[in-house]
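Hello,

Here is the structure I promised to pass on to you. Please have a look, and then read my notes below.

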Amino acid sequence: MKKSLTFLLIVSLAAGCATDDTTERQDAKPDNGVATTLTLIADGQTKSSLAADGLTVNWDTGDAIGVFAGATANAQFTSTNLNGATADFSGTAETGSTYYAYFPYASGAASMSGTTLSLANAIKSEQTMIDGNIDPAALTTVGRGATQEFGMSMLGGALKFTATATGSKTIKKITVTSGDETTVLAGAGTVAMTYDERPTLTMTCSTKSV
């Protein structure tokens, strides 16, 4: 008997690596932080799981984002009110500044220098394969807003493929490797959060396999 499974794998679209020598602002919670709710809107290519139509993506219960705002650095905000592609996230942050956010939250693995966001695991090199869906922890997204409501955009791209196992065999692991010397698929990266329409990921440390 043959069993076919369809997977979605998130990979970097960047070529090569760059050196990240910025002075980083890491996890910090200032005394003037206040309870804040951010409303984040998926742009059709972002977090967190595919709906039944296989096209729409929705936020999930328990999703957490990292937020930078003024002296607030990498504060954890957790989803509190879900409505498909729109969700409220609650946490504590300095107000009166531009909010910079990324998903999924990772303590000690994200920092900012000016308006440049650095992510130690921008694209995961190991992803959990889910039949017909994506690994929620692999869908890295970023967003910014001068108000408490703004959109989030995905970094990288989705690679869709079908794998077939015959007889009693079980698919335990799949490795995807780039076919040239310059294309990288996963690793650390930076994002200039001054982007216009869509963010661009620059890989700073990478692997050619996922």
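A definition to begin with: a residue is called buried when its relative accessible area is under 20%, exposed when over 50%, and partly exposed in between (1.4 Å probe, protein chains only). Please keep in mind that this is a predicted model, where local features need pLDDT of at least 70, side-chain atom pairs count only at pLDDT 80 or more, and totals for chains, interfaces and linings use all residues. Residues are numbered from 1 along each chain as its sequence is written, and side-chain values use heavy atoms, with hydrogens and water left out.

The protein has 15 strands and 0 helices; these are DSSP runs numbered from the N terminus, with at least two residues (E) for a strand and at least four (H or I) for a helix. Of the 210 residues, 43% are buried.

Strand 8 pairs (DSSP finds at least two bridges between paired strands) with strand 5, residues 64–69, in the antiparallel sense over 3 bridges, and V67 stands opposite A101. Strand 8 also runs antiparallel to strand 11 (residues 141–145), joined by 5 bridges, with Y99 opposite G145.

The loop between strand 7 (86–93) and strand 8 (99–103) holds E94. E94 is buried, at 16% relative accessible area, and its side chain reaches the backbone nitrogen of A71 at 2.9 Å.

Best wishes

How values were computed
A polar contact is a pair of N or O atoms within 3.5 Å; within protein, one must be able to donate a hydrogen and the other to accept it, and residues adjacent in sequence count only if both atoms are side-chain atoms.
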